[in-house]
Amino acid sequence: MKEDKSSQNPAFKDQKEPAASGQLHPTSSSTSRSGSLKILLAAVLLSFVAFYVNMSPKTLPETYALCSKEGKQIYTVDDNDTSVECVLVKGSYVVDSGDLAKVQKRSDDTIGQASFPVYYVPSGSIVLPGLSDSHCHILEHGASLQIPLSEGKTVEETVSLVRAYVLANPDLEKNTSSVIEGWGWDHASWDVEKLPSWRDLEANSVVAGRPVILQSRDGHAVWVSKRALDANAPYPETVEGGIIVRDEDGEPTGVFIDSAQDLIYRPPPTDEVLSRRFEITVRNALAVGLTSLHDAGFKPDSLAFFRRQVEKGTLPIRIYGMTFFDEYGSYWGDQVSPLVGAGDDRLSSRSVKVFADGALRTGGAALYEPYADNPSTNGVMRISPEVLKKVIPRFLKDGWQVNVHAIGDRANGIVLDAFAEALKGVNVSALRPRLEHAQIMTKADMARLGDLGVIASIQPTHAISDMWYAQDRLGPERVKGLYAFRTLIESGARITLGSDFPVEVINPLKGFYAAITRLATDGTSPHGPGGWFPDQRLTRLEALRGMTIDPAYASFTEGILGSLEPGKRADYVVLSQDIMSVPPERIMETKVLATAIDGRIVFGGL
Ligand SMILES: *[C@@H]1O[C@H](CO)[C@@H](O)[C@H](O)[C@H]1NC(C)=O
Ligand SMILES: *[C@@H]1O[C@H](CO)[C@@H](O)[C@H](O)[C@H]1NC(C)=O
Ligand SMILES: *[C@@H]1O[C@H](CO)[C@@H](O)[C@H](O)[C@H]1NC(C)=O
């Protein structure tokens with residue numbers, strides 16, 4: 001995840017030399033023509049400059065205006081997609097916006113004072129509302145960076161990354177009973193596309209004999225060592241909704257797919273481990289301009305962890321959580337109360353995540369017709385249609401938003417059947433159910449999605465990752481219904497964008513780029529430099545809204561987040577160049593200069 005190396009961000013440099021760098025400079029402002037006020041102002045300005053120089057540049061005054069010198073470079077993302085010259089911030093909120101002169105003229109009314117310091121963003125830069133990721137895995141991202149498994153180009157290389165991790169951690173190296181956990185292997189990216197086995201881990205002298213549990217990049221498979229395999233034996237013949245991969249003799253090879261992963265016991269992480277994972281994710285997220293994260297699957301221990309963080313103090317980023325529903329466990333929708341806006345609107349847990357099927361990469365997506373490259377299977381449903389039809393209306397009635405993971409066309413169809421029944425005669429905008437991924441859909445189901453008002457929570461970076469093999473899996477006709485973003489919008493569906501990190505990189509600019517180009521970052525695609533199914537591209541405005549106001553709507557927070565309008569939280573990001581107008585091939589060069597939450601700088605160089 002090279003995008004994560006925030007030390008390369010010039011904003012760090014600017015932090016140390018704010019005045020000389022020509023980054024955001026404070027000046028003071030007033031509309032008054034009276035001489036005495038001017039003198040007062042000069043004093044305010046001087047004291048402010050002194051204050052600014054002496055303090056950490058991250059400390060902003062309670063009230064200030066953020067302005068662009070070159071016209072209207074602040075994208076408010078309001079209903080009319082208005083751009084403005086300035087926003088006025090007081091405390092945690094935006095209190096006014098517009099031309100500086102007008103903001104000044106009104107300031108007696110808006111903030112009860114005639115003057116305020118003004119910060120100008122650097123030439124060429126823009127301001128956007130803080131960015132949201134509508135589908136990600138917060139603690140898993142931190143965990144995924146413990147061992148950089150995704151860098152392995154062969155199975156041997158991947159195993160040697162585990163070896164390097166063991167050798168780099170003396171406590172682990174000494175204790176051969178310590179469980180080693182990693183994330184991110186992807187056999188589809190290896191020189192030989194073959195599932196690994198416990199034997200590959202045993203072949204490395206440092207790794208051999210240890211309990212090792214390695215999650216695949218898409219989170220749908222786990223690969224374990226001989227010791228971990230033995231520790232969890234014996235195994236059932238088959239598992240509903242999952243696959244125990246076996247060799248010619250019928251013995252488990254150490255790879256478990258989808259619900260078969262549950263056969264492998266993983267010791268619960270300690271609070272220290274969770275804190276370390278959380279810090280990694282927060283640091284990386286703020287450095288790429290993310291201020292709100294929708295976590296697509298709280299496990300009980302992660303929700304408890306986030307609640308403890310809120311009790312201890314302010315969460316460093318906004319989190320909107322979906323709590324995992326286990327179809328084999330008991331119904332909990334009436335046992336727990338939804339949590340809304342805890343810790344000064346930083347933590348909400350008011351939605352449930354239900355899994356309908358697996359993933360396309362590992363062949364777990366439930367399709368109507370068999371896989372084109374493996375006619376023996378249609379993929380697997382992880383939940384029965386009957387259970388879906390029972391629990392969806394129950395959760396909705398008990399006050400939970402229902403977000404269902406559905407990849408394959410059959411899974412999407414079955415979930416829409418259940419939604420259609422549950423939504424009869426009710427106000428959908430009060431409930432806002434979501435299809436997480438909505439990846440492969442028939443035309444008829446896309447139309448149904450629009451009619452029902454169900455939100456499609458989609459991941460543009462998946463499109464440019466999967467475009468290389470998608471047609472092999474699905475065939476030339478069915479592939480047209482995969483990541484068909486334009487068709488989704490035209491069917492009247494609301495969308496919201498996410499990355500699914502750590503499955504993909506955390507940088508939301510890559511999602512923006514993928515959505516508007518449908519090209520790999522090197523400008524290629526299976527359909528050439530014009531993009532993969534280019535008719536399905538989003539416009540820049542759709543992509544921008546998909547990362548700001550749409551996620552706010554999809555999390556019931558459009559009244560306080562998602563745009564820079566008076567009365568909303570002052571969450572914003574300053575980008576080094578205008579992603580709404582630069583040539584697409586330059587978008588990935590964009591730097592995040594500053595990220596702010598509640599009007600306070602949390603990353604970069606104001
Ligand atoms: C958008 O434009 C319409 C028509 O000009 C206007 O009535 C409305 O107030 C505007 N909305 C915002 C948020 O500026
Ligand atoms: C080694 O690790 C295991 C598993 O975490 C633990 O139970 C055991 O106490 C550790 N041994 C030592 C000597 O620290
Ligand atoms: C439906 O719900 C939304 C959001 O809660 C509300 O604003 C709207 O007035 C409701 N519509 C009807 C017809 O009740």
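This is a predicted model: local features need pLDDT of at least 70, side-chain atom pairs count only at pLDDT 80 or more; totals for chains, interfaces and linings use all residues.

Let's start with an open sheet of five strands, which run in the order E10-E11-E12-E14-E13 with mixed pairing. Strand E10 (180-185) and strand E13 (242-246) sit at the edges with a single partner strand each, so one side of each has no neighbour in the sheet. On average, neighbouring strands here are turned by 20° against each other, direction ignored.

E10 pairs with strand E11 (residues 212-216) in the parallel sense, over five bridges. Within this part of the sheet, Trp185 has Ser216 of E11 as its bridge partner.

## A helix on the sheet

Which strands does helix H6 touch? Helix H6 (residues 155-168) packs on the sheet and touches E10, E11 and strand E12 (221-224). The direction of H6 makes about 145° with that of E10.

## Two nonpolar cores

The largest nonpolar core holds 112 residues, and Phe419 and Leu435 have the most contacts inside it. Helix H14 (residues 409-422) supplies the largest share of this core, with seven residues.

What does Phe419 touch, leaving out residues up to four places away in sequence? The list is Ile392, Val402, Val404, Pro433, Arg434, Leu435, Leu452 and Val454.

Note on methods
Residues are numbered from 1 along each chain as its sequence is written. Chains are lettered from A and ligands numbered from 1 in the order in which they are written. Side-chain values use heavy atoms; hydrogens and water are left out. Two strands pair if DSSP finds at least two bridges between them. Helices (H or I, at least four residues) and strands (E, at least two) are DSSP runs, numbered from the N terminus. Axes are lines fitted to C-alpha atoms, for helices over the stretch in contact, and angles run from 0 to 180 degrees between N-to-C directions. Contact means heavy atoms within 4.5 Å. A nonpolar core is a set of buried Ala, Val, Leu, Ile, Met, Phe, Trp, Tyr and Cys residues joined through side-chain atoms within 4.5 Å. Buried means under 20% relative accessible area, exposed over 50%, partly exposed in between (1.4 Å probe, protein chains only).
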